Amino acid sequence: MSQPDTPHKPANVLTTTAGNPVPDNQNSLSAGPRGPLLLQDVHLVEKLAHQNRERIPERVVHAKGWGAYGTLSITGDISRYTRAKALQPGAKTPMIARFSTVAGELGAADAERDVRGFALKFYTEEGNWDLVGNNTPVFFIRDPLKFPDFIRTQKRHPRTNLRSPTAMWDFWSLSPESLHQVTTLFSDRGLPTDVRHINGYGSHTYSLINAEGERVWVKFHFKTQQGHQHWTNDQAVEVVGKTRESTQEDLYAAIENGDYPRWTVQVQVMTDAQADEWSARTGWNPFDLTKVWPHGDFPVIEIGVLELHRNPDNYFAEIEQVAMSPSNIVPGIGFSPDKMLQGRIFSYADAHRYRLGTHYEALPVNAPRCPVHHYHKDGAMRFFEPRTGNVDAYYEPNSVGGPKEAPRYAEPPLPLHGDADRFSHRDGNDDYTQPGNLFRLFDDAQKQRLFDNLAAAMQGVPETILRRQIAHFSRCDPAYGAGVARALKLDPIGDDRVKGTSATDQPDEVGVG
Ligand code: HEM
């Protein structure tokens with residue numbers, strides 16, 4: 001923002017950060033024309049010191065990203081399920097989206113085969129609601145205890161400092177719950193041309209709570225109106241040879257040109273009674289992040305449109321510093337027993353405190369667009385006014401009219417059952433039917449690309465690991481295992497424990513174009 005002129009300092013005079021006018025921004029202060037330099041050149045010292053502090057830790061995952069601002073417009077009516085104001089018919093909520101790849105570092109090339117992050121922050125009048133999802137409806141693991149191990153296999157080997165296909169396939173072949181996501185990742189949808197041409201999924205089961213305090217379970221979906229577009233591995237090699245920033249270029253240019261990307265917003269809803277019936281019938285847990293809810297059982301309900309229409313002015317301030325967290329929810333939207341969601345409720349705000357600092361929620365891009373009242377106090381970069389509206393209200397309870405809790409926002413009680421214990425998430429869990437169903441939806445060309453993509457990613461992996469992984473593919477569908485074995489030029493590997501299932505009616509949740 002420009003400053004008003006004063007008699008002493010016109011508005012466009014360069015200053016130090018303390019506001020002192022700078023007489024020379026070209027030549028350092030030296031003893032004689034050939035130097036050496038003088039320590040009293042505070043402008044030089046300040047410039048060099050500031051440069052040394054221009055980097056913050058990159059995100060431990062999802063480091064490379066692209067983002068823009070937009071609006072969530074609600075056109076459908078799900079007021080019978082939720083009292084969230086941002087989800088009422090006619091509501092329009094400003095928001096910011098940050099898309100990302102998962103494994104690559106901050107400077108990674110965009111056109112890489114990887115899951116795409118699809119993180120949304122809605123600035124609602126009831127506080128920020130963050131939906132931090134991916135372009136896939138499922139995930140690789142179902143217990144957060146395994147997340148750090150999983151991510152290690154995606155990042156660099158400690159000795160070689162290279163990514164290790166052996167580590168990836170060792171972990172995946174020992175974690176069959178990953179099959180659904182692995183099948184998606186190595187299908188066409190694992191290498192999208194950009195982020196305008198992907199779907200987004202909240203992925204987890206959340207809850208919706210209505211004005212009567214009744215709860216239903218919900219999944220959120222964002223279906224691209226631009227259609228799906230993918231690159232083959234060979235095309236991506238060419239793209240990366242020309243530009244490492246293909247997604248940034250695409251998203252930025254589309255928005256600058258007024259070609260605003262849009263997604264149709266949908267929910268699937270499940271009552272408690274349906275959850276019990278569905279679990280009993282299928283054996284699947286509605287809170288298992290490695291499973292989808294088939295559309296035939298739980299039809300999608302269209303509720304609105306998400307549109308992106310403004311590029312940020314400063315990438316660092318607005319995209320690097322945006323802090324998305326599944327813990328940010330608003331009245332009418334709640335969590336679920338999903339163990340992965342529960343782990344993430346802790347992890348993100350903790351990451352932000354480390355990456356951005358204690359008061360990260362006060363940064364302009366994260367600041368709620370509604371009044372904020374809390375009693376948190378000092379710490380580095382405490383630059384905002386007291387959040388209690390009264391200097392004497394710095395503790396609670398108080399007699400000076402400070403902010404108080406409001407029981408009307410309480411969620412209905414959630415009945416919980418069972419012993420506190422460590423329950424195996426593998427024993428008796430069907431990891432094969434849903435990935436098999438996804439495989440069977442692919443046409444022959446899609447299947448062949450899946451086999452080839454998998455074989456390309458498995459180069460150099462020891463044969464024992466390959467055979468273990470192929471046995472899993474065969475349990476999803478014998479043709480799946482056989483196709484991967486063929487692409488790897490290994491003998492066919494049979495598995496007589498294959499589950500005989502037919503394709504389900506979930507074409508848009510799975511990796512078909
Ligand atoms: C980023 C942890 C699973 C989507 C992150 C970050 C952490 C993290 C620490 C970096 C946050 C930051 O520095 O700003 C975890 C843990 C998980 C998990 C512990 C499992 C227990 C998932 C799942 C999804 C997901 C299942 C999607 C459904 C994302 C996205 C970002 C992210 C999109 C980037 C957010 C942004 O653009 O700022 N995750 N994650 N993560 N994660 Fe996860």
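Predicted model: local features only at pLDDT ≥ 70, side-chain atom pairs only at ≥ 80, totals over all residues.
Let me start at Pro 36, which sits in the segment before helix H1 (42–52), where helices are DSSP runs of at least four residues marked H or I, strands are runs of at least two marked E, and both are numbered from the N terminus. The peptide bond that leads from Gly 35 into Pro 36 is cis, with omega near 0 degrees.

Residues are numbered from 1 along each chain as its sequence is written.

Now to the ligand, which is surrounded by 28 residues, the closest being His 62, Arg 98, Gly 117, Pro 144 and Ser 203; a residue counts as near if its C-beta atom, placed from the backbone, lies within 6 Å of the molecule. The elements that give two or more residues to this shell are strand E2 (92–101), strand E3 (116–124), strand E4 (127–134) and H9, and H9 gives the most, with 8 residues. By class, the shell has 14 nonpolar, 10 polar and 4 charged residues, where Ala, Val, Leu, Ile, Met, Phe, Trp, Tyr, Cys and Pro count as nonpolar, Asp, Glu, Lys and Arg as charged, and the others, Gly among them, as polar.

Which residues does UniProt list for "active site"? The unreviewed entry lists His 62 and Asn 134, with positions in the numbering used here, feature names shortened, and annotations that may be inferred rather than shown by experiment. Although these two are spread over 73 residues of sequence, they cluster in space, with a largest C-alpha distance of 10.5 Å.

His 62 lies in the loop between H1 and strand E1 (65–74), and it counts as buried because it has 22 C-beta neighbours inside 10 Å; the cut-offs are 20 or more other C-beta atoms within 10 Å for buried, 12 or fewer for exposed, and partly exposed in between, with C-beta atoms placed from the backbone. Not counting residues up to four places away in sequence, His 62 touches Ser 100, Val 102 and Gly 117, contact being defined as C-beta atoms, placed from the backbone, within 7 Å. Asn 134, in strand E4, is buried as well, with 24 such neighbours inside 10 Å, and its contacts beyond four places in sequence include Gly 117, Tyr 201 and Ser 203.

Ser 203 lies in the loop between strand E5 (200–201) and strand E6 (206–209), and is buried, with 26 other C-beta atoms within 10 Å.

Tyr 348 belongs to helix H9 (residues 339–355), and, leaving aside neighbours within four places in sequence, Tyr 348 is in contact with Val 132, Met 324, Ser 325, Pro 326 and Ser 327.

Methods:
Contact = placed C-beta atoms within 7 Å.
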